[in-house]
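Subject: Structure handover

Hello,

Here is the structure you are taking over.

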Amino acid sequence: MAVPLQGPYLASVVSLVPYVQSPGVYVLSRDGRAAHYVGRSDTCLAARVAASIQARRYTHFWFAFQSSPMQAFLAECELYHDYSPADNSNHPAAPIGAQWRCPSLACAWGAVWR
Ligand SMILES: [Zn+2]
């Protein structure tokens, strides 16, 4: 099941993402078509997307608020496996202490809770 995202939006309008204290996920692109990077925030999506765009040269982004940090982690895992983004060198990590596992059946990060 694909994660519903809003976008693509131009990187130049990232300041228009509602600045609320909400977890969420995002996808960054260098061409507005391919997903080059996926990420999440457990606390403030807008701040994280803006910082992530500035850190590297991305031209477009998609985003989706999530109801909890765990939902954000699960959505990030889905995006990671759906797109295999070139700029993500590591599988999404759960926060320290959380026992959450990747929802993908084929993924080693999902093995423990099944
Ligand atoms: Zn996984």
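Val-27 stands opposite Trp-62 in S4. Helices (H or I, at least four residues) and strands (E, at least two) are DSSP runs, numbered from the N terminus.

This is a predicted model, in which local features need pLDDT of at least 70 and side-chain atom pairs count only at pLDDT 80 or more, while totals for chains, interfaces and linings use all residues. Residue numbers start from 1 along each chain as its sequence is written.

Strand S2 (residues 24-29) runs antiparallel to S4, with 6 bridges in the pairing; two strands pair if DSSP finds at least two bridges between them. S4 (residues 60-65) also pairs with S1 (residues 6-10), again antiparallel, over 3 bridges. There, Tyr-9 has Phe-61 as its bridge partner in S4.

Tyr-58 sits in the loop between helix H1 (45-55) and S4. Tyr-58 counts as buried because it has 21 C-beta neighbours inside 10 Å (buried: 20 or more other C-beta atoms within 10 Å of its own, placed from the backbone). Leaving out residues up to four places away in sequence, Tyr-58 touches Ala-11, Leu-28, Ser-29, Arg-30, His-36 and Ile-53; contact is C-beta atoms, placed from the backbone, within 7 Å.

The buried residues of H2 include Phe-73, Leu-74, Cys-77 and Tyr-80. Among the elements covering the buried residues of H2 are S2, strand S3 (37-41) and S4. After H2 comes Ser-84, with a positive phi near 40°.

Regards

Terms used. A residue is buried if 20 or more other C-beta atoms lie within 10 Å of its own, exposed if 12 or fewer, and partly exposed in between; C-beta atoms are placed from the backbone. Two residues are in contact if their C-beta atoms, placed from the backbone, lie within 7 Å.
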